[in-house]
Amino acid sequence: MAANRRPTLADVAREVGVSAKTVSRVLNEDGPASAQTREQVLAAVAKLGFQPNLMARNIRVGGPDTTIGLVIPDLANPFFGAVARAIEDTVRERGLTLLMGSSADDSERERALTDKFLARRVSILIVVPSVGADHSHLKSHRTAGLPVIFLDRPGVGLATDSIVSSNRAGAHDGVTHLIAHGHRRIGFVGDLPPKLYTRRERQAGYRSALQEADIPYDRSLVTNAHDQRGAETATAQLLGLADPPTALFAGNNIMALGIVAELARSKRKDVAVVAFDDVALAEALEPALTVVAQDAEEIGRTAATTALTRLDGDRSRARTITVPTHLIVRGSGELPVPALQEA
């Protein structure tokens with residue numbers, strides 16, 4: 001079998017030394033087959049990385065597929081919505097259709113989704129990896145020519161292309177901006193789980209900015225949250241400290257919404273805020289929200305064009321492409337330290 005061709009039913013039959021009809025009977029469990037034949041067929045399927053083609057009625061054997069599978073962690077997050085839109089706009093020019101599903105950041109659910117996409121024989125598989133996921137099961141598919149792209153976070157167990165934001169540098173820029181306006185007590189509201197790649201990178205940027213300014217790292221100023229309500233609680237916890245922060249850095253857009261909501265509820269207009277990732281209606285807030293903006297459209301376009309290049313036969317080494325972030329100054333990150341708290 002050619003290295004750049006994906007395995008077919010005929011390849012499995014040839015590997016075992018039986019007819020394609022026999023292989024079909026085993027896989028569909030719709031006819032007689034001995035235990036030994038069944039064992040041999042399943043072993044060949046695993047060895048070759050074969051996936052049954054659920055679209056066989058619509059696509060001739062060996063013909064081009066017309067779909068792309070995209071696995072994201074949260075359908076409600078505007079960032080991933082923008083990424084998906086950019087991917088769809090890019091691949092539409094090639095006559096490809098985007099299929100999308102949510103893993104809810106659960107590794108088992110991610111695996112189930114990727115298996116379903118593979119069963120449809122998608123042309124391209126793009127995955128936002130979940131924490132704890134192992135992607136080594138995709139090796140045979142990538143070797144057989146399936147473009148596999150990791151988005152937003154690197155995967156584990158598979159050397160393939162990854163498209164990520166400049167998370168560490170962006171967080172560093174945002175915290176440095178707060179420091180430049182006199183803040184030394186800067187809280188960090190990060191997303192869960194703590195082992196999440198983006199969370200780790202952004203917290204590392206937070207810490208490096210403090211270190212460069214000779215500001216001691218204070219663990220009591222670092223909190224965790226999974227959703228907006230959790231971020232509201234974390235913000236209230238920080239504001240309730242004996243020596244509270246004068247500024248807050250939000251680890252992502254959901255954390256930012258929680259911070260803004262809690263500051264409004266507690267009528268605190270003196271706390272500076274910088275968020276990683278932009279927020280809808282950020283300019284309508286009072287003060288308007290200063291953010292470290294990701295370029296979701298560029299991330300999506302880059303993922304799609306990289307995948308299409310692979311689909312066209314590029315077999316060069318896997319690479320990580322980092323899409324830069326940029327600071328958007330709007331007002332919330334420029335609030336000065338309250339006079340009573342100035343050092």
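The side chains of Glu262 and Arg265 form a salt bridge, with N and O 2.7 Å apart; the term denotes a side-chain nitrogen of Lys or Arg within 4 Å of a carboxyl oxygen of Asp or Glu. Because Glu262 and Arg265 stand three residues apart in helix α10, about one helical turn separates them. Helices here are DSSP runs of H or I with at least four residues, strands are runs of E with at least two, and both are numbered from the N terminus. Glu262 is buried at 11% relative accessibility, where buried means under 20% relative accessible area, exposed over 50% and partly exposed in between (1.4 Å probe, protein chains only).

This is a predicted model, in which local features need pLDDT of at least 70 and side-chain atom pairs count only at pLDDT 80 or more, whereas totals for chains, interfaces and linings use all residues. Residues are numbered from 1 along each chain as its sequence is written, and side-chain values use heavy atoms, with hydrogens and water left out.

Arg265 also forms a salt bridge with Glu232, the closest N and O atoms being 3.3 Å apart. Arg265 belongs to helix α10 (residues 253-265) and Glu232 to helix α9 (residues 228-239), so this pair ties together parts 33 residues apart in sequence. Glu232 is buried, its relative accessible area being 14%.

A further salt bridge joins Glu297 and Arg85 at 3.7 Å, N to O. Since Glu297 lies in helix α11 (residues 296-311) and Arg85 in helix α4 (residues 78-92), the pair links parts that are 212 residues apart in sequence. Glu297 is partly exposed at 33% relative accessibility, and Arg85 is likewise partly exposed at 44%. In total, the structure holds 20 salt bridges.

The chain is divided into domain 1 (65-163 + 297-322) and domain 2 (165-293), with bounds taken from an automatic or database domain assignment. Their centres, taken over C-alpha atoms, are 30 Å apart. Nine residues from domain 1 and ten residues from domain 2 make the contact, defined as heavy atoms within 4.5 Å. The two domains bury about 850 Å² between them, 65% of it on carbon and sulfur atoms; buried area is the accessible area (1.4 Å probe) that two parts lose on being put together, summed over both. Between domain 1 and domain 2 the count of salt bridges is zero.
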